[in-house]
Amino acid sequence: MAVTDIASPPEEIQEPSGLSSGWGRRLFIAIPYIWLLVFFLAPFVIVLKISLSDVILARPPYFPNFDISEGWQGFLAMLRVFDLENYVWLAEDSLYLNSYLSSLRIASISTLLTLAIGYPIAYAMAKAPKEWRATLLMLVILPFWTSFLIRVYAWIGILKKEGFLNYFLLWTGIIDEPLMILNTDTAIYIGIVYSYLPFMVLPLYAVLEKLNISLLEAATDLGCSPLKAFWVITLPLSLPGVWAGCFLVFIPAVGEFVIPDILGGSSTIMIGKTLWVEFFSNRDWPVASAVAILLLLMLTLPIILFQKQQEKQAEASQ
Amino acid sequence: MTRFNWFNTTTLTLGFAFLYLPIILLMIYSFNESRLVTVWAGFSTRWYQSVFLNESFINAAWVTLRVGFISASVATVLGTMAALVLNRAGPFHGKTLFTGMIYAPMVMPEVITGLSLLLLFVSLDFARGFWTVTLAHITFSMCYVAVVVSTRLVTFERSLEEAALDLGCTRFSAFIQVTLPIIFPAILAAWLLAFTLSLDDLVIASFASGPGATTLPMKIYSQVRIGVSPEINALSSILIAVVAIGVVTASLVTKQAHVKRIKEERMAINSI
Amino acid sequence: METQINTQPACEFAPWEDPVQKPFVRFENVTKKFGDFTAIEDLTLNIYEREFFALLGPSGCGKTTMMRMLAGFEYPTAGNIMLSQSNLHKAPPHKRPVNMMFQSYALFPHMTVEQNIGFGLKQEKTPKKEIKRRVEEMLSLVQLEPFTKRKPHQLSGGQKQRVALARSLAKKPRLLLLDEPLGALDRKLREQTQFELMSIQEQLGLTFVIVTHDQEEAMTVASRIAVMDHGKIVQVATPAEIYEYPNSRYSADFLGDVNIIEGQLDVTTGKTASLAWAEGETPLAISTKLRPPAGTTAWLAVRPEKLHISKEKPASADNCIKGEVWDIGYTGNISTFHVKASNGSILKVQVSNREHLADRPITWEDNVYVYWEKGAGVFLER
């Protein structure tokens, strides 16, 4: 049944029941479009502009300032003052290079840890009795609705020297001396894994839940052991979920500020934190802008890869 | 494979313990008498009292709620419009850029979004405060709204709109009478998401805000940097409880409606 | 509702044969393109008032596009569509006296049966009392009175179908379009509903245009059928005419089962053409008025139930082919013998099973004769 004529319109060509044409349609498109142009795109142009400017002791603390009343001449004059000084500065001072590299390192390690912890959880959820799955799913999503800051904060009480974890480990006799975890990279890993776990579990669960059980039965029927069947059937088929989850954790983790600031020590530098310090403490807006531009460039590759992967997924599911 | 086996049970127990133990500990110790947060010294609600007596907390909460309400509402309108533009407006010049601007804010590091908006407000000479935070929140929430509503529109059965047109509706009245009521649950969910995102945001608000407009996360952050305090535990517990009760209630209501519907559908099939 | 069996009195109702009658719907050289894809190509078609007209074809043949152009969801790229002699141009759907019943029913899930049926009238600002009266009338027409307050998800498939029908009839459209209206129903219900549809159409005296890919459905309900292929109309005629006298292999094959034998035209004498179909075999005789030149490729189409089969050579038959029983399909009331002729082609012969299975004398690998009268076959030039 349900024979649809392929002669009915290919989606984009004609939209008989879409938005009406003419001025109404134009206005309808224009409102969200202009909003995003003004509040999303324009700010980036400004960041780019300021990253090319010089810092001065004034309000606002950068030079040159573009004055619209000076018109085209003013614009040209402004262009002439632009230079790459801030970027040169970033390249020369090893602090920045180190923070970029350590951001990448911390984000990568945390992503792998999140995958290692998230995969078994997603797998167990997908294998749980059907009537339980909705509840389990809600339990995974629930923390996402509660404050990120509070969830990170909750770990201070656990990880600090006289915190619950040390208290517990000393009590069981596993250790004799309290561990120093807070203000180390380990604390940051724990914080990122904890905060971003739902982002990993949800896409994994989505693919694992759809996985047809008869595929595994066919594999065991053809002589695979359950472990081998997992390795040759389940794992390859869940790869799209693995990729989606990894991108969803990695991309925000690179630019993370709250976790390294609250759980990390002064020796751990991540680029989000460097930007924050540059901006709020040093009040060097041009350097902060240059840091932002470079961070953005660094994220372009994973974002594009993520986008490509999502498109591939969307095509495959059609 | 419809029962739990030991491996899955252990995994789920450990996994959910990891997710919930920190929050539960925090909530338990918010009732601790002692100021030393990790040493139990008896039950007390004194920290809750001191939260409610702390005027700066109350003020910050009020600012946060207002920002959240206004930004979620405006973002829902703009985001729904954006979703309709993405799904229903057909091709137009700059559609790729538009789609990009909808998805980009969601993967953008918050520090960059915050910084860029602040620099915009400075260049435009906006006085930073309540309204700049609200504008910032509208901008990033509307993208989430657009995605949530878009997902619903993609699965929306177009023949319903066509039926309305066929029965004498104009495009506008078909949207109001048919499309809007059917996608309304998604719009409501999008509003809640936008509201939560706004309540939750620290980084963007810190950049976009100015004197006199301290939101609750900003307030908590300034306290947290000093260390663990029982007052913050109490405040956090209140926030978590409110959200948890809200989310659990909402999902129970949805589940019940779903169960009822399935039952009715079964009955309908049996009656010819 | 009583199901009256309509025996289609072709002699009484045949406005398409009356030169004075003006068509109610007229497609005039209509072309419809979607980008590079041509869905409808230079198509002209007349549909008369009170007809139950079927557009029949496989998916992608353009039948749904025709319907959507009538409803106003698409506009022709070229050509005109006329409704009672006035050009529809680009009138939007809500300005046409045409209603449509959707394949998916498209019932509004958030409205009750009553609200769904009254929806169209509400748009016209009909007084509440009048809407209520009309809704009740429609509910009794489709026998759904007890379900007034139910929502679509509380209805079975058959009930949904009837709500959809009632909703599209509530505004008293002059033309009702039905897009695969019975596609989602199971076989038994579909047959019953076909007769209901016919009786409603008769009762209300409306013009119905139905789109379907189910030839049986089209033959049951329609006064005339347009067989479509790739945006063009292959044949427009009554079901009986198309079945008995298809004008092409395509429409012969689309309606019912058929044997098609290809050959070269040998000679045409009087009203009989003879077709050389295999070397060393007697040419086949077909009655036809057509006189194409000898040597052209042509086809003979003959329905399996018009063929006879026997083990002995018939004493006299216009056409007779010797072959071997290749396969037998048994479907209860009839048996279909697949007979392989000398050139390897397979002929299907249907025999009704009046006798018991054990008495059937013909079995696998038997040598048999298949024979038929020259008037049983149809001569096809394309």
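Leu78(B) is buried, with a relative accessible area of 6% (buried is under 20%, exposed over 50%, partly exposed in between, with a 1.4 Å probe and protein chains only). Leu78(B) belongs to helix H3 of chain B, residues 55–88; helices (H or I, at least four residues) and strands (E, at least two) are DSSP runs numbered from the N terminus. Apart from neighbours within four places in sequence, Leu78(B) is in contact with Ile31(A), Pro32(A), Trp35(A), Ile138(B) and Met142(B), where contact means heavy atoms within 4.5 Å.

This is a predicted model: local features need pLDDT of at least 70, side-chain atom pairs count only at pLDDT 80 or more, and totals for chains, interfaces and linings use all residues. Residues are numbered from 1 along each chain as its sequence is written, chains are lettered from A and ligands numbered from 1 in the order in which they are written, and side-chain values use heavy atoms, leaving out hydrogens and water.

Val38(A) is in helix H1 of chain A and is partly exposed, with a relative accessible area of 33%.

Chain C holds an open sheet of four strands in the order S2-S1-S4-S5, with antiparallel pairing (strands pair if DSSP finds at least two bridges between them). Its edge strands, each pairing on one side only, are S2 (37–47) and S5 (86–87) of chain C. Strand S4 of chain C, residues 78–83, pairs with S5(C) in the antiparallel sense over two bridges, and Leu83(C) stands opposite Ser86(C) in S5(C).
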